[in-house]
Amino acid sequence: MAFILIIASLVLFLWIVSLCKVLLLPRIPFAKHFTNNNGRAFRKRNVLLVIAHPDDESMFFTPTINFLTSKGHNVQILCLSIGDADGKGNIRKQELFQACVALKVPMQQVKIVNHPDLQDGFGKVWNHSLLAKIIEEEITSRCIDMIITFDSYGVSGHCNHRDVHYGVCKLLHDILQRDIEVWELCLVNEHSRRSGIAMAQHSSQWVWFRKLFVTLSSYTYMNTLRKVK
(Lines give C-alpha, C1' and ligand atoms only; values in the text may rest on other atoms or scores of the structure.)
Protein backbone atom coordinates (compact mmCIF):
# COMPACT_ATOMS: atom_id res chain seq x y z
CA MET A 1 0.00 0.00 0.00
CA ALA A 2 2.82 2.37 0.90
CA PHE A 3 4.51 1.62 -2.44
CA ILE A 4 1.32 2.53 -4.34
CA LEU A 5 1.05 5.80 -2.43
CA ILE A 6 4.68 6.64 -3.25
CA ILE A 7 4.11 5.97 -6.96
CA ALA A 8 0.88 7.98 -6.96
CA SER A 9 2.61 10.88 -5.22
CA LEU A 10 5.46 10.78 -7.74
CA VAL A 11 3.04 10.78 -10.67
CA LEU A 12 1.14 13.73 -9.18
CA PHE A 13 4.38 15.62 -8.58
CA LEU A 14 5.58 15.09 -12.15
CA TRP A 15 2.23 16.18 -13.52
CA ILE A 16 2.29 19.37 -11.44
CA VAL A 17 5.86 20.15 -12.55
CA SER A 18 4.92 19.63 -16.20
CA LEU A 19 1.80 21.79 -15.86
CA CYS A 20 3.72 24.57 -14.12
CA LYS A 21 6.30 24.50 -16.90
CA VAL A 22 3.53 25.22 -19.37
CA LEU A 23 1.70 27.86 -17.35
CA LEU A 24 4.71 29.82 -16.10
CA LEU A 25 6.61 30.13 -19.37
CA PRO A 26 6.19 33.58 -20.92
CA ARG A 27 3.93 33.71 -23.96
CA ILE A 28 5.97 34.71 -27.02
CA PRO A 29 4.02 37.09 -29.30
CA PHE A 30 4.33 34.87 -32.36
CA ALA A 31 0.78 34.68 -33.64
CA LYS A 32 1.06 37.78 -35.87
CA HIS A 33 3.63 35.96 -38.02
CA PHE A 34 1.03 33.35 -38.95
CA THR A 35 -2.19 35.36 -38.93
CA ASN A 36 -1.61 38.69 -40.65
CA ASN A 37 1.95 38.33 -42.01
CA ASN A 38 3.27 41.45 -40.24
CA GLY A 39 0.42 43.72 -41.27
CA ARG A 40 0.13 42.45 -44.83
CA ALA A 41 -2.57 40.23 -46.23
CA PHE A 42 -2.81 36.77 -44.73
CA ARG A 43 -0.62 34.23 -46.51
CA LYS A 44 -1.40 30.57 -46.19
CA ARG A 45 1.77 28.61 -45.41
CA ASN A 46 2.65 25.13 -46.68
CA VAL A 47 4.19 23.44 -43.64
CA LEU A 48 5.95 20.07 -43.71
CA LEU A 49 6.18 18.19 -40.42
CA VAL A 50 8.96 15.61 -40.77
CA ILE A 51 8.81 12.69 -38.32
CA ALA A 52 10.45 9.30 -37.97
CA HIS A 53 7.63 6.95 -36.87
CA PRO A 54 3.85 6.75 -36.75
CA ASP A 55 2.80 8.23 -33.36
CA ASP A 56 5.56 10.91 -33.31
CA GLU A 57 3.01 13.43 -34.60
CA SER A 58 0.65 12.74 -31.69
CA MET A 59 3.21 12.24 -28.95
CA PHE A 60 5.36 15.30 -29.63
CA PHE A 61 3.83 17.71 -32.17
CA THR A 62 0.09 17.97 -31.44
CA PRO A 63 0.27 21.60 -30.17
CA THR A 64 2.07 22.67 -33.35
CA ILE A 65 -0.39 20.87 -35.63
CA ASN A 66 -3.39 22.26 -33.73
CA PHE A 67 -2.09 25.81 -33.88
CA LEU A 68 -1.23 25.80 -37.58
CA THR A 69 -4.45 24.11 -38.73
CA SER A 70 -6.54 26.45 -36.55
CA LYS A 71 -4.94 29.43 -38.33
CA GLY A 72 -5.73 28.00 -41.76
CA HIS A 73 -2.24 26.86 -42.73
CA ASN A 74 -1.69 23.78 -44.87
CA VAL A 75 0.00 21.07 -42.79
CA GLN A 76 1.67 18.15 -44.55
CA ILE A 77 3.19 15.20 -42.67
CA LEU A 78 6.16 13.18 -43.93
CA CYS A 79 6.75 10.02 -41.87
CA LEU A 80 10.07 8.43 -42.80
CA SER A 81 9.34 4.87 -41.65
CA ILE A 82 6.38 2.61 -40.98
CA GLY A 83 7.62 1.84 -37.46
CA ASP A 84 8.15 -1.86 -38.08
CA ALA A 85 10.60 -2.60 -35.23
CA ASP A 86 8.05 -4.96 -33.65
CA GLY A 87 6.59 -6.25 -36.90
CA LYS A 88 3.54 -3.95 -36.65
CA GLY A 89 4.40 -1.61 -39.50
CA ASN A 90 1.23 -2.12 -41.53
CA ILE A 91 -0.91 -1.63 -38.45
CA ARG A 92 0.98 1.50 -37.46
CA LYS A 93 0.55 2.99 -40.95
CA GLN A 94 -3.23 2.81 -40.58
CA GLU A 95 -3.03 4.17 -37.05
CA LEU A 96 -1.17 7.23 -38.33
CA PHE A 97 -3.95 7.98 -40.81
CA GLN A 98 -6.55 7.57 -38.04
CA ALA A 99 -4.59 9.92 -35.77
CA CYS A 100 -4.41 12.52 -38.52
CA VAL A 101 -8.21 12.45 -38.79
CA ALA A 102 -8.32 13.40 -35.10
CA LEU A 103 -5.72 16.12 -35.77
CA LYS A 104 -7.70 17.44 -38.77
CA VAL A 105 -4.94 16.71 -41.28
CA PRO A 106 -6.40 15.22 -44.50
CA MET A 107 -5.16 11.76 -45.47
CA GLN A 108 -3.88 13.00 -48.83
CA GLN A 109 -1.53 15.33 -46.95
CA VAL A 110 0.18 12.45 -45.14
CA LYS A 111 3.02 10.49 -46.75
CA ILE A 112 4.64 7.42 -45.19
CA VAL A 113 7.99 6.16 -46.49
CA ASN A 114 9.00 2.49 -46.29
CA HIS A 115 12.59 2.47 -47.54
CA PRO A 116 14.83 -0.58 -46.85
CA ASP A 117 17.55 1.72 -45.48
CA LEU A 118 15.16 3.61 -43.19
CA GLN A 119 13.91 0.94 -40.82
CA ASP A 120 12.67 1.63 -37.31
CA GLY A 121 14.83 0.62 -34.38
CA PHE A 122 17.48 1.60 -31.89
CA GLY A 123 20.89 1.12 -33.46
CA LYS A 124 19.49 1.54 -36.99
CA VAL A 125 21.59 4.24 -38.67
CA TRP A 126 19.73 6.38 -41.21
CA ASN A 127 21.75 7.95 -44.01
CA HIS A 128 21.47 11.73 -43.80
CA SER A 129 21.97 12.22 -47.55
CA LEU A 130 19.15 9.79 -48.31
CA LEU A 131 16.89 11.59 -45.84
CA ALA A 132 17.75 14.95 -47.37
CA LYS A 133 16.91 13.66 -50.86
CA ILE A 134 13.52 12.28 -49.80
CA ILE A 135 12.63 15.47 -47.93
CA GLU A 136 13.74 17.63 -50.87
CA GLU A 137 11.44 15.68 -53.20
CA GLU A 138 8.53 16.30 -50.84
CA ILE A 139 9.33 20.01 -50.56
CA THR A 140 9.43 20.38 -54.34
CA SER A 141 6.26 18.41 -55.07
CA ARG A 142 4.20 20.16 -52.38
CA CYS A 143 5.66 23.70 -52.62
CA ILE A 144 6.71 23.65 -48.94
CA ASP A 145 7.92 26.89 -47.36
CA MET A 146 8.32 25.73 -43.76
CA ILE A 147 9.76 22.59 -42.15
CA ILE A 148 9.15 21.45 -38.58
CA THR A 149 11.02 18.47 -37.13
CA PHE A 150 12.96 17.15 -34.13
CA ASP A 151 15.81 18.92 -32.35
CA SER A 152 19.37 17.56 -32.38
CA TYR A 153 18.61 15.35 -29.37
CA GLY A 154 15.59 13.92 -31.14
CA VAL A 155 13.21 15.10 -28.39
CA SER A 156 13.27 11.72 -26.63
CA GLY A 157 16.82 10.75 -27.59
CA HIS A 158 15.75 8.15 -30.17
CA CYS A 159 18.49 7.66 -32.77
CA ASN A 160 15.99 7.71 -35.65
CA HIS A 161 14.66 11.08 -34.45
CA ARG A 162 18.18 12.49 -34.31
CA ASP A 163 18.96 11.23 -37.82
CA VAL A 164 15.84 12.95 -39.15
CA HIS A 165 17.04 16.21 -37.58
CA TYR A 166 20.44 15.90 -39.22
CA GLY A 167 18.87 14.91 -42.52
CA VAL A 168 16.89 18.16 -42.48
CA CYS A 169 20.07 20.08 -41.55
CA LYS A 170 21.92 18.51 -44.47
CA LEU A 171 19.12 19.51 -46.79
CA LEU A 172 19.15 23.09 -45.53
CA HIS A 173 22.92 23.46 -45.66
CA ASP A 174 23.95 21.47 -48.73
CA ILE A 175 21.01 21.18 -51.12
CA LEU A 176 18.24 23.66 -50.58
CA GLN A 177 18.43 26.74 -52.81
CA ARG A 178 15.64 28.73 -51.18
CA ASP A 179 14.74 29.86 -47.71
CA ILE A 180 12.63 27.58 -45.56
CA GLU A 181 11.28 29.22 -42.42
CA VAL A 182 11.50 27.42 -39.08
CA TRP A 183 10.33 29.45 -36.08
CA GLU A 184 11.36 29.27 -32.46
CA LEU A 185 8.01 29.49 -30.76
CA CYS A 186 6.15 28.65 -27.58
CA LEU A 187 2.99 26.98 -28.80
CA VAL A 188 0.41 26.38 -26.07
CA ASN A 189 -2.09 23.69 -26.97
CA GLU A 190 -5.62 25.02 -26.60
CA HIS A 191 -6.98 21.49 -27.21
CA SER A 192 -4.67 19.31 -25.12
CA ARG A 193 -7.30 16.56 -24.98
CA ARG A 194 -6.69 16.11 -28.69
CA SER A 195 -3.20 14.79 -27.93
CA GLY A 196 -4.71 11.87 -26.02
CA ILE A 197 -7.36 11.26 -28.66
CA ALA A 198 -4.79 11.26 -31.46
CA MET A 199 -2.33 9.07 -29.56
CA ALA A 200 -5.11 6.60 -28.71
CA GLN A 201 -5.49 5.93 -32.46
CA HIS A 202 -2.06 4.28 -32.26
CA SER A 203 -3.56 1.40 -30.28
CA SER A 204 -0.57 -0.86 -30.94
CA GLN A 205 1.59 1.66 -29.05
CA TRP A 206 -0.98 2.83 -26.48
CA VAL A 207 0.52 0.98 -23.50
CA TRP A 208 0.53 2.19 -19.89
CA PHE A 209 3.87 4.04 -19.96
CA ARG A 210 2.91 5.99 -23.10
CA LYS A 211 -0.42 6.92 -21.53
CA LEU A 212 1.56 8.22 -18.56
CA PHE A 213 3.93 10.08 -20.89
CA VAL A 214 1.13 11.80 -22.79
CA THR A 215 -0.56 12.82 -19.52
CA LEU A 216 2.58 14.24 -17.90
CA SER A 217 4.64 15.44 -20.84
CA SER A 218 4.91 19.13 -21.63
CA TYR A 219 4.77 18.13 -25.33
CA THR A 220 1.07 17.46 -24.81
CA TYR A 221 0.52 21.07 -23.83
CA MET A 222 3.07 23.08 -25.82
CA ASN A 223 5.93 22.97 -28.30
CA THR A 224 9.01 25.18 -28.33
CA LEU A 225 10.50 25.51 -31.81
CA ARG A 226 13.78 27.17 -32.72
CA LYS A 227 15.26 28.10 -36.04
CA VAL A 228 17.74 25.64 -37.51
CA LYS A 229 20.82 27.52 -38.67
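A residue is counted as buried when its relative accessible area is under 20%. In this predicted model, Leu68 has a relative accessibility of 3% and is therefore classed as buried. Leu68 belongs to helix α4, which spans residues 62–70. Its C-alpha atom is separated by 8.5 Å from that of Val47, a residue 21 positions away along the chain.

Helix α5 covers residues 89–102 and comprises 14 residues. The distance from its first C-alpha to its last is 20 Å, close to the 20 Å expected at 1.5 Å a residue. Buried positions in α5 are Gly89, Arg92, Glu95, Leu96, Phe97, Ala99, Cys100 and Ala102. In an α-helix there are 3.6 residues a turn, so residues three or four places apart point the same way. Following α5 is Lys104, which has a positive phi near 65°.

Helices α6 (residues 128–142) and α8 (residues 159–175) form a crossing pair, with axes that come within 8 Å and an angle of roughly 70°. Angles of 65 to 115 degrees count as roughly perpendicular, and α6 and α8 are therefore assigned to that class. The crossing of α6 and α8 is right-handed. On the α6 side, the contact is made by His128, Ser129, Leu131, Ala132, Ile135, Glu136 and Ile139. The α8 side contributes Asp163, Val164, Tyr166, Gly167, Val168, Lys170, Leu171 and Ile175. By class, nine residues of this contact are nonpolar, three are polar and three are charged.

How values were computed: Residues are numbered from 1 along each chain as its sequence is written. This is a predicted model: local features need pLDDT of at least 70, side-chain atom pairs count only at pLDDT 80 or more; totals for chains, interfaces and linings use all residues. Side-chain values use heavy atoms; hydrogens and water are left out. Axes are lines fitted to C-alpha atoms, for helices over the stretch in contact, and angles run from 0 to 180 degrees between N-to-C directions. Helices (H or I, at least four residues) and strands (E, at least two) are DSSP runs, numbered from the N terminus. Angles under 35 degrees count as roughly parallel, over 145 as roughly antiparallel, 65 to 115 as roughly perpendicular and the rest as oblique. A crossing is left-handed if the near helix is turned anticlockwise from the far one by less than a right angle, and right-handed if clockwise. Contact means heavy atoms within 4.5 Å. Ala, Val, Leu, Ile, Met, Phe, Trp, Tyr, Cys and Pro count as nonpolar, Asp, Glu, Lys and Arg as charged, and the others, Gly among them, as polar. The expected span of a helix is 1.5 Å times one less than its number of residues. Buried means under 20% relative accessible area, exposed over 50%, partly exposed in between (1.4 Å probe, protein chains only).
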